[in-house]
Each structure stands twice: as structure tokens, then as C-alpha cells.
Amino acid sequence: VTKKTKTVSTIMAGGGLAFRYFLSNLLIKILTLCGGYKSYEACKSEEPEKMKTWLHFWIVFTVWTFLSVFLDSMLYYIVPLYPELRVAFVAFLAFGEGAKKIYEPHMEDLITKAEKLIKEKIAELKPKEAQE
């Protein structure tokens, strides 16, 4: 093992992962801004299909963001190229009709079944004054 190979391995295992994490988060924020702008355009167009496309994106993105809180710290060390896969996933959601492909066959039924519970939990989060 040469000194150069050892250094590259060390960077990829330690500091490189931190940089990849930072860069993937930055790219995801940029993609999120793009999604926000595309949502704005969809609202201005008043075309229901465009609006529905971006609502699907935000629903799937929100669930993914919630799950990421619990899964990221573990998956970064287990799944090779995980930071890059996160960016690719968000790009797929936003620009590859990925949100529709995930929402319609999988999430719509789950959300419908849990709708009553979701509404109850949201109501619990409201301040007491707002509920009256």
C-alpha cells in the first residue's frame, strides 16, 4: 500500500464522507429550490395536472425527509455512495416523475388509511386557543 493510496482511503473514509455529506445536502437544497420554483410555475399555469405533479413531489419529499432523520446516520456508513444516491433520488422525484411513480401506487392508499389518525395528531399540535 502506497502512501498516496492510504491517504485517499483515509479521506474517503473520514473527511471525504463529511465533504460528500455537505455537498449532497447542498445539492438537495438546490433541487428543493428548483421544486419550489416549479411549484410556483404550476400554480401560475392553473393546470391541475401540473399542480398535482408538484403536490405529489412535496408529499413524497416530506415523507422522505422525515425518514431521513432516522436512517441517514446509519445508511451513510453502510450503503456505498449513499450521499450521491440521496441527490439522485431527489432529482428523480423532481424531474423524473419519480414522485408520481411512488405516490400513486404506494403512498396514496397508506395516507388514505391513516388520514383520521393524521388529522387527530395535527389537531393535537395546534395551540388550545386555535382549536376553539
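In which loop does E97 lie? E97 is placed in the loop between α4 and α5. The model described here is a predicted one.

## Overall architecture

The protein chain contains six helices and zero strands.

The chain has 132 residues, of which 23% are buried.

## The nonpolar core

The largest nonpolar core comprises 15 residues. Within this core, the residues with the most contacts are I28, F57, V60, F61 and V90. Two or more residues are given to the core by each of α2 (15-45), α3 (48-78), α4 (82-95) and α5 (98-125). The largest share, five residues, comes from α3.

The surroundings of V90 can be listed in detail. When residues up to four places away in sequence are not counted, V90 touches I28, L31, F57, F61 and W64.

## The packing of α3 against α4

Helices α3 and α4 pack at an angle of about 170 degrees, and their axes are 10 Å apart. Because an angle over 145 degrees counts as roughly antiparallel, α3 is roughly antiparallel to α4. On the α3 side, the contact is made by W54, F57, V60, F61, W64, D72, L75 and Y76. On the α4 side, the residues are Y82, P83, R86, F89, V90, L93, A94 and F95. By class, this contact of α3 with α4 has 14 nonpolar, no polar and two charged residues.

Leaving aside neighbours within four places in sequence, A94 is in contact with W54 and F57. A94 and F61 are 33 residues apart in sequence, and their C-alpha atoms are 9.0 Å apart in space.

## The loop between α3 and α4

L81 is located in the loop between α3 and α4. Its phi is near 60 degrees, which is a positive value in a residue other than glycine. L81 is exposed, with a relative accessible area of 54%, because the cut-off for exposed is over 50%.

## S24, a buried residue of α2

S24 lies in helix α2. Is S24 buried or exposed? With a relative accessible area of 3%, S24 is buried, since buried means under 20%.

Two polar pairings involve the side chain of S24. A polar atom of this side chain lies 3.0 Å from the backbone oxygen of Y21. The side chain of S24 also makes a polar contact with the side chain of R86, at 3.2 Å. Not counting residues up to four places away in sequence, S24 touches Y76, P83, R86 and V87.

Helices α4 and α5 pack at an angle of about 80 degrees, with their axes 4 Å apart. Because angles of 65 to 115 degrees count as roughly perpendicular, α4 is roughly perpendicular to α5. In this contact, F89, F92 and L93 of α4 meet G98, A99, K101 and I102 of α5. These residues divide into five nonpolar, one polar and one charged. E97, in the loop between these helices, has a positive phi of about 55 degrees although it is not a glycine.

F92 is found in helix α4. This residue is partly exposed, with a relative accessible area of 33%. Leaving aside neighbours within four places in sequence, F92 is in contact with E97, G98, A99, K101 and I102. The C-alpha atoms of F92 and F57 are separated by 9.9 Å, with the two residues 35 residues apart along the chain.

Note on methods:
Residues numbered from 1 in each chain as written. Predicted model: local features only at pLDDT ≥ 70, side-chain atom pairs only at ≥ 80, totals over all residues. Heavy atoms only, no water. Core = buried A, V, L, I, M, F, W, Y, C linked by side-chain atoms within 4.5 Å. Buried < 20%, exposed > 50% of the residue type's maximum accessible area, 1.4 Å probe, protein only. Contact = heavy atoms within 4.5 Å. Polar contact = N/O pair within 3.5 Å; in protein donor to acceptor, adjacent residues only side chain to side chain. Axes fitted to C-alpha atoms, helices over the stretch in contact; angles between N-to-C directions. Parallel < 35°, antiparallel > 145°, perpendicular 65-115°, else oblique. Nonpolar A, V, L, I, M, F, W, Y, C, P; charged D, E, K, R; others polar.
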